[in-house]
Amino acid sequence: GSAQLDGAQPSKIAVVGAGIGGTATAHFLRQHFGPEVQIDVFEKEEVGGRLATVTVNHNDYESGGSIIHSLNLHMQDFVKQLGLKYRRSVAGKTAVFDGDAVVLEETDWYLLDLFGLWWRYGISFLRLQMWVEEIMEKFMRIYKYQAHGYAFSSVEELLASLGGSGFINMTQRPLSDSLVELGVSQRFIDEIIAPIMRVNYNQNVSIPAFVGAVSLAGAQTNLWAVEGGNKLVCSGLLKLANANLLQAQVTSISPLHTGETVQFQLGFTTDGETHSEAAYDVVVLATPLQDSADSGVRFHGFSPPLAPLPGAYQHTVATVVHGYLNTSYFGFPDPRLFPFASVLTMDAPELFFNSAASVCPVNISAGFRRKQPQEAGVYKVFSPRPLSKAQLKTLFRSYYSVQLTEWLAYPEYSSGQGLPPVELHPNLYYLNGIEWAGSAMEMSSVAAKNIALLAYHRWNRQADMVDQKDLMHKIKTEL
Ligand SMILES: Cc1cc2nc3c(=O)[nH]c(=O)nc-3n(C[C@H](O)[C@H](O)[C@H](O)COP(=O)(O)OP(=O)(O)OC[C@H]3O[C@@H](n4cnc5c(N)ncnc54)[C@H](O)[C@@H]3O)c2cc1C
Ligand SMILES: CC(C)=CCC/C(C)=C/CC/C(C)=C/CSC[C@H](N)C(=O)O
């Protein structure tokens with residue numbers, strides 16, 4: 001009970017979930033709280049969570065989170081600190097399919113086919129590009145604030161520090177409204193924006209503008225991934241943090257009142273057996289807690305009781321197929337004349353898939369080249385539901401293997417609810433609320449750094465490092 005009063009560090013911290021959010025939290029907690037504290041990370045399934053690979057024909061392919069933006073500085077830092085390597089994506093052309101024919105043949109929507117896009121969409125293209133750049137520039141402020149040690153007690157405070165009320169409004173208003181206001185044409189929205197929202201978030205242009213901008217950043221050309229698989233970052237961070245990995249599902253969290261301070265007792269099951277571990281000073285929940293996300297975590301004995309989180313997570317199926325693409329379906333009876341590496345789709349009710357793309361293995365050997373459509377290749381198809389045999393036969397002339405991963409992938413953004421809280425109770429934190437602003441590896445990493453800083457400042461009662469206003473100015477005048 002006296003730990004917090006005499007300024008000592010916490011002795012035990014628990015993190016629930018070993019995805020990028022949980023493992024990055026463990027790493028940053030270690031940085032801030034020092035070498036003495038015991039950090040236990042609970043994981044019920046695989047380290048990596050939504051970063052995962054499937055093996056096809058002796059090669060591994062990303063089945064969950066796959067691409068990282070060049071300005072995602074936490075992810076970049078992790079890769080450097082862990083001695084991992086970057087894997088650049090192998091260039092390939094993209095088409096947009098409307099269910100009937102290819103409506104747009106482009107090479108690379110930012111650079112190569114700029115003139116083609118100009119001709120077709122006029123000023124829309126430039127306006128959109130500037131809009132995304134401006135948002136990215138403001139978003140990048142977070143790295144400075146975090147490097148100076150500033151933390152935020154809510155996702156709203158964090159966003160407001162970066163982009164004022166404009167950023168918060170962007171989490172509530174539809175992307176389509178923002179784009180129309182910008183003067184982006186309906187044709188551009190239907191043929192380019194909607195297909196990008198479908199491939200990245202399995203949703204339409206009514207998703208909020210902030211996550212829409214994140215999704216558009218994810219359609220730029222400066223993207224990379226981690227050689228060997230993105231999930232290597234998670235296992236690497238656990239080691240770097242010197243954290244204990246407990247292969248167990250946390251089932252309950254209850255407060256333990258001892259004197260003036262509160263600690264937490266965690267109930268968990270491992271190999272069907274129930275255990276409990278007491279006396280955690282700080283707990284970070286790094287997994288979605290909505291009922292539909294099925295984390296299995298229950299809160300007992302909190303007064304007032306913790307309110308359930310509204311909203312649900314979107315079902316998205318990633319199907320990795322080794323076979324021959326049926327190019328006829330896209331209007332190219334001769335596969336040798338099919339020039340595309342990926343096909344995005346417009347928002348058409350009859351379409352049963354969102355995208356189909358030739359994919360590269362996570363270990364690209366020096367001489368790697370994409371297979372031609374007349375050869376057997378490995379493709380990833382995103383769809384809202386598992387593909388039936390008939391649907392597979394529509395997309396592939398024949399195939400050797402099919403691997404299906406069903407994800408509760410990212411928030412269902414249409415519900416228009418607010419952003420979940422970060423502080424559930426003193427010393428009990430929730431990471432995944434940030435996904436309701438935008439779900440991406442970097443968003444979880446930003447939230448991880450924020451929670452580690454927040455936990456540290458709360459523990460040490462440093463109120464002047466939390467929710468400070470006018471940080472740009474403060475930082476400039478700091479020594
Ligand atoms: C198909 C797909 C494609 C994506 N593509 C990209 C992309 O290209 N780029 C990008 O940046 N992002 C992408 N994302 C989003 C990105 O993967 C996620 O935002 C990010 O991985 C979330 O990490 P997290 O650690 O917050 O959550 P998770 O990875 O979900 O980690 C939570 C962990 O907690 C564990 N857990 C849950 N309950 C318990 C419990 N009770 N006890 C113990 N453990 C528990 C889970 O098993 C899981 O491992 C994609 C997501 C999907 C699904
Ligand atoms: C957080 C910021 C500022 C930028 C992140 C940009 C980014 C990498 C967004 C990706 C979002 C996402 C959920 C993509 C899913 S699908 C990716 C890919 N098309 C695939 O084929 O797997």
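Which residue just after α1 takes a positive phi? I found glycine 34 there, with a phi of about 90 degrees.

**Ground rules.** I am working on a predicted model, in which local features need pLDDT of at least 70 and side-chain atom pairs count only at pLDDT 80 or more, while totals for chains, interfaces and linings use all residues. I number residues from 1 along each chain as its sequence is written, letter chains from A and number ligands from 1 in the order in which they are written, and take side-chain values from heavy atoms, with hydrogens and water left out.

**Helix α1.** Twelve of the 14 residues are buried (under 20% relative accessible area, with a 1.4 Å probe and protein chains only), among them Ile20, Gly21, His27, Arg30 and Phe33. The cover over these buried residues includes β1 (12–16), β2, α2 (73–81), α10 (232–240), β14 (282–285) and α12.

**Ligand 1.** I then turned to the shell of ligand 1, where 37 residues surround it (a heavy atom within 4 Å), and the closest are Gly21, Glu43, Arg50, Ile67 and Ser295. At least two shell residues each come from α1, β2 (38–43), β11 (249–258), β20 (396–411) and α12 (441–459), and β20 gives the most, with three. By class I noted 17 nonpolar, 15 polar and five charged residues, where Ala, Val, Leu, Ile, Met, Phe, Trp, Tyr, Cys and Pro count as nonpolar, Asp, Glu, Lys and Arg as charged, and the others, Gly among them, as polar.

For atom pairs, I listed a backbone N or O atom of serine 66 at 3.0 Å from an oxygen atom of the ligand, a polar backbone atom of serine 295 at 2.8 Å from a ligand nitrogen, and a side-chain N or O atom of serine 444 at 3.0 Å from a ligand oxygen. The protein covers 93% of the 1,000 Å² of accessible area that ligand 1 has on its own (Shrake-Rupley method, 1.4 Å probe).

**Glutamine 290.** Last, I checked the loop between β14 and β15 (298–299), where glutamine 290 lies. Glutamine 290 counts as buried because its relative accessibility is 1%. Leaving aside neighbours within four places in sequence, I found glutamine 290 in contact (heavy atoms within 4.5 Å) with Leu309, Pro310, Gly311, Tyr313, Pro420, Tyr430 and Trp436.

Technical notes
A polar contact is a pair of N or O atoms within 3.5 Å; within protein, one must be able to donate a hydrogen and the other to accept it, and residues adjacent in sequence count only if both atoms are side-chain atoms. Helices (H or I, at least four residues) and strands (E, at least two) are DSSP runs, numbered from the N terminus. Buried means under 20% relative accessible area, exposed over 50%, partly exposed in between (1.4 Å probe, protein chains only).
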